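This report describes how parts of a protein model pack against one another. The sequence and structure are shown first, and the description follows.

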Amino acid sequence: MELAIYILALPLLSFLILGLVGKNLSHKVAGILGTLSLMVCTVIAYSVAVTYFGAGRSEDGLFPTLMPYNYTWLPLGGNLSIDMGVLIDPISVMMLVVITTVSLMVHIYSLGYMKGEKGFQRYYAFLSLFTFSMLGLVVATNIFQMYVFWELVGVSSYLLIGFYYTKPAAIAASKKAFIVTRFADLFFLIGILIYGYYTQDFSFTINESILLSASAVLPLALGLMFVGGAGKSAMFPLHIWLPDAMEGPTPVSALIHAATMVVAGVYLVARMFPLFVGYAPETLSMIAYVGAFTALYAAVVACVQTDIKRVLAFSTISQIAFMMVALGVCTSTDPHKGGLGYMASMFHLFTHAMFKGLLFLGAGAIIHAVHSNEKEHMGGLRKYMPITHITFLVACLAIAGIPPFSGFFSKDEILTACYDYSVIMGMFMSIVAALTAFYMFRLYYLIFWGKSLYEEQLNSYNSGIIKEKPHKPHEAPICMTAPLVILATITCFAGFIPFGEFISSNGHAYEIHLRTEVAISSILFAIAGIVIATIMYKSGESKLTKAINQSCKGFIKAAYRRFYMDELWMFITKKIIFNCISRPIAWFDKKVIDGSMDMLATITQRLADFVRPMQSGNIQSYSVWFLSGTLALVLILLYLM
Amino acid sequence: MNYLEFLLMRPEISLLSIFVIIFLFDLMATGRYRRIFHGIVCLLMLAHTYICMTGSAEEITLFGGMYYNNPMLSFMKAMLTCGSILVILQANRWLRSASTYYKQGEFYILMLSTLIGMYFMLSARHFLLLFIGIELASLPLACLVAFDKYRHHSAEAGIKYILSSMFSSAVMLYGISFLYGSCGTLYFSDMATILSGSPIHIFALVMFFAGLGFKISLVPFHLWTADSYQGAPTVVTAYLSVISKGAAVFTLFIVLTKVFANMIVEWQAIIYILTIASITIANLFAIKQHDIKRFMAFSSISQAGYIMLAVINGTAHGMTAMVFYILVYIVANLAVFGVIESIEHQCTDGVKREDFNGFYRSNPRLAFLMTLALFSLAGIPPFAGFFSKFFVFMSAFDAGFMILVFIALINTVISLYYYLLIVKAMFINQNDNPIKPIKCDLFTRISLTFCLLGIVFLGICSFVYINIDKLSF
């Protein structure tokens, strides 16, 4: 377990090296350095996972919670202190495996994808920084350490979204992501401070009696923390930054905005789960409703987007919402009695990271080949990119919930948990799941089936209509396809991992068993979604599709514009907040604060001229000052006090 | 008298033996041995720091209570020594110039004698020993200030320093004589029980305070500072501004808490007044300065004021804040002086603020270091200076001086202005012929690297503060 510290140290080291001397290294060396360090890191993470789970449960039937490192970083007086350390327990080990795996895939993939980009070394430095921060977040021993790394993750996400800093859209997106998540983090911080103030402790394990005494404020504190989590995990209505974040390089989207960072919110809720269940069940229900609404909203929006990365982004939002719902519907810590969602959520987090990473990397390969994000430029690519095609299909089947792919198992557990909570919630989430299958297969058909743009262009080139020979789409190089194949393999088999053996809401082993009616209905829903998508999009946009589009034009337009959520936020910030709050503050700042500072400056300058004669350069006068100062002090002390 | 007791004064004995070695080396070494003189001195000092830090884990009281040492005092001594090493490292170029090369050995010897004086200032528990220590730390400094004796400014600075120093010593001695007259003893421990705050004691306290206030350069005892800092060789200015000042602050704290513990209200009042005066007046002067060394003189006066915020607390907590502040101040200030020292030979008439125009274009690394150092001095997070300022504010706040803290806070805004003027000059102001690219020698580089590391890490690595806190008494 002591090795765990190297999982953090290596990416940090690689960040420092690449950041400080990266400019002097060639692209190849920098890339390989970053990748190698992460490879070692991954190996260590796996060995930690194997030894941890291999060591078995302790006598009480739980996996022990280990803290191989924990240092007091900042004593705050009283019992309160901020610690930095490494916490090893089932979910943090699971996260270590997920993060290092996806990160490693992205590192390898980027060797091909980012080849020849300006700032290649910077890219790898930032990737290392992100990996370090994310790993630090999951192994945090207390909520404050988590917050520190939480912000670091935000910074590295900001840096990576704005990687193409010459592109105005990228800059705007990076700012938006940073501001929105920061806004949410403010609530997180307030939550932490309330929590720390009333319990006199920042750690996750606080004894009952203290918690009971603070139980009045715990729902508030936990609710505020959830707002922070909702910001990072793009829950409605704080989701607006995630689709724009797709301006970053695609592998970054795969790593940060699909597999790891965006699930930080879920991880946070999971970390605080015992508190949520024990002291704030209402907050937990609220999480479930927010999650359910987000899942539906994002799924509907995803159905009509034309930019393939946007579709994936909304799909991510929807899937994370699934995990949130799963946590939200828990009513106790016993997996047999209403606590199943916890395990389901973590399971889905795990499988989703793999197949969504795969989808994004596949999308990257496609974008790499056709040099566009728009569906208009795609179609019929299955002939040209066989590996990408197959792996993408695997991921689509997984996310749609078709057995035996991993997504089926985890989603099925979530649906079961939802049905346990209430039938309405179960039905609702099943419909969203069907929508998922629909939009994913819409995307799949639009990319890989239908008419090939290249062939059309080739025909018109041959018949002389266009002069330029069209660019033939080609399969990505091996360093990009290899991660696809690896992730696809994991996606095929990850569903059979006995996940409940390792992670469950109360720590005891839980055997996953499919409930027949839920499993069958969810498969039927998924197949229905796929069939509809097939009919509508298999050979381009059929007449039926056009007819449907025509009949609900207004709704589709609204969905395409994401139901005007961005506009609403813009209205709130620009019109209401700016005019009603910011302007008066600006006035106050300019006139009163700046004014008093200006006055201070003027007085200072005047006084400076006034005291100048004191420093005459004349040693006799110095002595006079010295002595008169001393005597003045004596007089003050004797007569004025 | 037990002569073996001498052997227990480890830091002093070890420094003294180095002193002797250097003295003999200077006398005997010729030719190529002289070329490695500087390196040898640095190594010896390093070894000494090690000895100083180890082996004095327990408290030692010697010579009937005249001498006292404990881990915290050893730590302070080691800190002063490390600061001196940084200064010596920076002195390499200057010592090799034609006008000083032949008297290189004198420089070390004078410096080491002041250092021994400072050791005694810290360890003295008897006023006579204390006074000898202070004089030992002052007189050789005058020689150092006038080291470039053929340069008019240096000689003038030396004269001003020695005259002011004598004047302040006289005042302090006057105060000590009153103490002796009223108490009949010069031992700290005996005196502490007798002092009661009668007028004569107050008079003595103020006189004594003035004597150390001179060394700390608090307003109104500060007037020598600007002239001497400007005229002295840059290395010596650096030494004056951090090491000499640091030792004096430590001593002041010890005497105030050990001897004048009963008169806490009185000396807190003195510090209250002098702190406000120092910070404010020094800031007012600093704004108008164009000569960088003069500017740093006023900056150091205002920094002294901030240190006093920790002294006013008077508890172990205040001691921690004070030691930490000085530690950070040493690295940040020495970084600035290191940069000044490196570019000095390109400026004919002293380094002016205008000389820094366009510095970033020609010397990006030095400009970067200078910026961090100035940020640290101004107290901008996340650099060490922010944390040290935070802790001194906290300790003054704990002692209940909220208005004082408020005034100090306003003054940090002003100080930010003048520190940033230099940063602006380096990065924004255009200059057709900026200072040419400089290649620092190895010793200076080492010194600057340590300063940089200190500025960046001292604040973030909380164990530094925590460990100092454990040692405080």
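## A pair of packed helices

In chain B, helix H4 (residues 71-90) packs against helix H21 (residues 442-460) at an angle of about 140°, and their axes lie 7 Å apart. Helices here are DSSP runs (H or I, at least four residues) and strands are runs of E (at least two), numbered from the N terminus. Axes are lines fitted to C-alpha atoms, for helices over the stretch in contact, and angles run from 0 to 180 degrees between N-to-C directions. The angle therefore makes H4(B) oblique to H21(B); angles under 35 degrees count as roughly parallel, over 145 as roughly antiparallel, 65 to 115 as roughly perpendicular and the rest as oblique.

H4(B) contributes B:Leu86, B:Leu89 and B:Gln90 to the contact, while the residues from H21(B) include B:Phe443, B:Ile446 and B:Phe450. Two residues are in contact if their C-beta atoms, placed from the backbone, lie within 7 Å.

## Basis of the model

The model is predicted: local features need pLDDT of at least 70, side-chain atom pairs count only at pLDDT 80 or more, and totals for chains, interfaces and linings use all residues. Residues are numbered from 1 along each chain as its sequence is written, and chains are lettered from A and ligands numbered from 1 in the order in which they are written.

## Where the chains meet

The contact between the chains takes 22 residues from chain A and 30 residues from chain B. On the side of chain A that touches chain B, H26(A) gives the most, with 12 residues.

## Chain A as a whole

Chain A has 26 helices and two strands. Its C-alpha atoms fill a box of roughly 100 × 70 × 50 Å, taken along the principal axes.
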